[in-house]
Amino acid sequence: MISAFTNARLIDPASGLDTKGTLIVNNGKIADFGPDIEVPDDATVTDCKGRVLCPGLIDMRAHSVDADAALAGGITTVILQPDQTTMIDSDPVVERIRRRAEDTHTVNVYPMGAATRGMEGKELAEIGQMKASGAVAFTDCRKPVSDSQVMRRLMEYASYFGAVIVQFPQDKGLANGGIAHEGEIATRLGFAGIPAMAEVIQIERDARLSEMTGTPIHFALISSREGVEAIRAAKARGVKVTCSTAPHYLHLNDNAMEGYRTFAKVSPPLRSEEDRLALIAGLADGTIDTLVSDHDPKSEDVKRLPFGQAAAGIVGFETLLALALAPVHAGKVDLVTTLKALTATPADLLGVPGGKLEAGAPADLVIFDPDKPWRIDREAFRASARNTPFDTLPVQGQVWQTIVGGKTLFSGE
Amino acid sequence: MSTQQTDKSSYPRAEVSPPSGQLFPHKHLLGIWNLDPTAIKHVLDVADHYVEQNRQRQKSSPKCAGLTQINLFFENSTRTLMSFEIAGKRLGMEVTSMSTGTSSIKKGETLLDTAATLNAMHPDVLVMRHADSGAVKLLSEKMDCAVINAGDGRAEHPTQALLDALTIRRRKGKLHGQTIVISGDVAHSRVARSNIYLLNAMGARVRLVAPPTLLPKDVDRLGVEVSHRMDEGLEGADVVMMLRLQQERMQGAFLPSLREYYRFWGLTRDTLKYAKEDVLVMHPGPMNRGVEIASDVADDLDRSAIEEQVEMGVAVRMACLDILTRGLRGEDAA
């Protein structure tokens with residue numbers, strides 16, 4: 001079965017290709033693409049009408065598979081975090097998740113395994129076993145590995161397997177009891193704070209451990225200016241560090257908590273305007289490598305509580321692309337850089353298929369109109385919950401089709 | 001001193017009549033931060049009237065007869081709870097109090113379930129205290145009746161700030177231009193926050209004096225001066241408000257010892273010398289004698305207004321209950 005996507009703006013963030021042309025899919029794989037491609041007679045033709053056609057998004061941080069929501073967001077690969085109902089800290093759990101995803105023929109799912117047993121930060125989890133079963137990286141999710149000796153051994157041990165370690169950069173001591181960014185807004189609202197320095201201290205310690213062990217490290221969800229600076233400095237020293245952030249940190253600052261809105265409760269917390277601007281600059285200059293949704297559906301039962309008791313988290317799949325494009329429309333970050341952080345870079349980091357336009361690669365693709373205006377409507381979400389602070393926000397850039405393995409699994413307007 | 005004697009020019013920002021004609025255009029009293037000087041002054045004026053009433057032999061009036069007041073305290077309290085009970089009863093309300101600590105949370109009932117249950121009982125006023133900042137506001141969104149915040153987390157304790165303001169206004173004649181020192185555990189104090197908002201709104205000059213570990217981040221951006229030393233901080237003070245050292249909220253190492261705290265930040269006759277001669281000493285209670293305040297200072301009849309604050313507390317709470325039920329009683333809200 002051959003399909004042809006004609007009249008597309010082909011973007012391959014890995015190679016920097018950005019051209020008008022056609023892409024041919026044969027038997028679930030990319031067969032050919034470029035400006036002067038002849039459409040085979042037996043092909044099913046889709047006219048993209050000038051929309052962007054690029055590799056499907058690879059979301060490196062999701063707490064739920066929520067396949068329909070992922071597809072609606074242009075995501076073709078979901079990297080599942082280990083904090084599931086049954087924690088992903090052993091190979092049978094990894095296998096079960098991989099098998100279930102393959103059987104349902106929907107979005108690709110790769111799990112991250114726990115870095116330490118029970119995510120307790122004390123003993124190493126069975127990294128080798130889980131990697132052999134298909135875990136793509138290892139993390140304790142929202143719990144930093146605090147003990148320096150455990151972290152050092154984790155990195156040394158992981159290097160034998162070439163396993164990627166993802167750390168949540170938040171110093172446990174400084175963050176203890178905190179529920180919001182330590183600053184004027186938290187002081188006004190009466191919240192215990194988490195200083196930005198909690199992020200920096202964890203980054204700097206682990207960058208040093210990376211130098212000591214030679215093992216690369218990835219930091220999930222950078223939220224502060226000082227955090228960006230710490231990453232930038234480590235990279236300049238030649239340390240093998242990478243990091244991610246999520247669109248809500250590029251869009252909101254701690255003012256969003258006004259009125260005790262628990263939809264604005266996330267971990268790490270939303271920080272100041274200065275931090276927000278530094279994150280956008282960090283994405284533009286390549287200090288921040290990947291953009292993730294941190295998709296975390298939470299029911300009203302755990303959100304409609306006093307701020308201190310409410311669960312942290314935002315549903316992010318269906319708003320990921322549009323929110324990521326806002327700095328592009330604002331002229332702060334270019335389109336290819338943004339798309340690279342959503343496709344090729346996470347694919348390379350984790351060694352998962354996809355993320356690139358190349359002949360023979362799986363036809364995991366997204367077609368979207370980068371300029372189309374729409375309004376975020378939580379009632380229209382396909383996600384299993386609707387905890388978003390972005391309801392009614394006007395945005396630009398809408399997914400038209402999401403294609404996994406050559407099959408169009410989502411089709412919008 | 002009656003309200004009429006109060007110099008009107010003390011309230012430069014209160015001169016403007018609100019466009020709605022309502023002096024207190026709010027359904028609830030959730031905090032001071034959203035009250036304008038007109039509303040604050042109005043509560044104090046009404047409270048002045050109740051101070052006089054409370055000093056008569058006949059203290060009660062049937063003004064709010066037939067209305068139901070529920071006091072819902074999720075945190076232990078005796079003084080504030082009793083003050084609200086007496087205030088309600090003196091206005092003729094049916095008063096029911098529930099002091100649960102955290103028991104209903106242990107039973108698994110969420111705050112909003114509690115709200116729905118209480119709402120079905122058709123109270124006319126709900127007075128609530130909760131250990132979480134913002135909890136009273138959350139509950140108020142689900143209640144049909146007026147809600148009064150009797151303290152939420154470290155966020156606000158509006159009736160305390162109002163009774164403090166009434167005490168100062170009656171002793172000093174005005175709030176505008178007074179130098180008011182707030183000293184102690186500002187970080188964990190809702191009393192401090194509500195007082196900062198109120199005193200700033202009324203044109204007072206507010207200065208915080210505390211060890212660095214007991215001041216929240218960026219507190220200077222709330223429009224206050226900050227000092228860490230008692231001698232420097234008390235310089236020229238008209239009023240000193242001491243805060244209770246909230247030992248139950250002390251997580252981690254804020255202070256090495258109470259002994260050391262008293263030596264450097266306790267209010268004693270010696271430190272009080274730096275303040276003005278006629279300085280007024282206040283404390284929201286309950287006091288830790290020998291920790292934040294020396295006994296002889298607390299008991300100094302000329303300077304200490306601590307018992308007066310308790311008296312003003314009942315009057316201010318009567319004023320709040322009166323004002324928030326005016327609509328129900330068919331009285332003009334102004």
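Modeller: A:Arg276 makes a salt bridge with A:Glu273, closest N and O atoms 2.9 Å apart; a salt bridge here is a side-chain nitrogen of Lys or Arg within 4 Å of a carboxyl oxygen of Asp or Glu. Both sit in helix 10 of chain A, 3 residues apart, about one turn of the helix (helices are DSSP runs of H or I, at least four residues, numbered from the N terminus). A:Arg276 is buried at 18% relative accessible area, while A:Glu273 is partly exposed at 32% (buried is under 20%, exposed over 50%, partly exposed in between, with a 1.4 Å probe and protein chains only).

Keep in mind that this is a predicted model: local features need pLDDT of at least 70, side-chain atom pairs count only at pLDDT 80 or more, and totals for chains, interfaces and linings use all residues. Residues are numbered from 1 along each chain as its sequence is written, chains are lettered from A and ligands numbered from 1 in the order written, and side-chain values use heavy atoms, leaving out hydrogens and water.

Now the neighbour: helix 8 (residues 225–236) of chain A packs against helix 10 (residues 273–284) of chain A at about 30 degrees, axes 8 Å apart (axes are lines fitted to C-alpha atoms, for helices over the stretch in contact, and angles run from 0 to 180 degrees between N-to-C directions). That makes helix 8 of chain A roughly parallel to helix 10 of chain A, the cut-off being under 35 degrees. Among the residues meeting there are A:Arg225 and A:Arg232 from helix 8, and A:Glu274 and A:Asp275 from helix 10 (contact means heavy atoms within 4.5 Å).

Note on methods. Helix = DSSP H or I, 4+ residues; strand = E, 2+ residues; numbered from the N terminus. Parallel < 35°, antiparallel > 145°, perpendicular 65-115°, else oblique.
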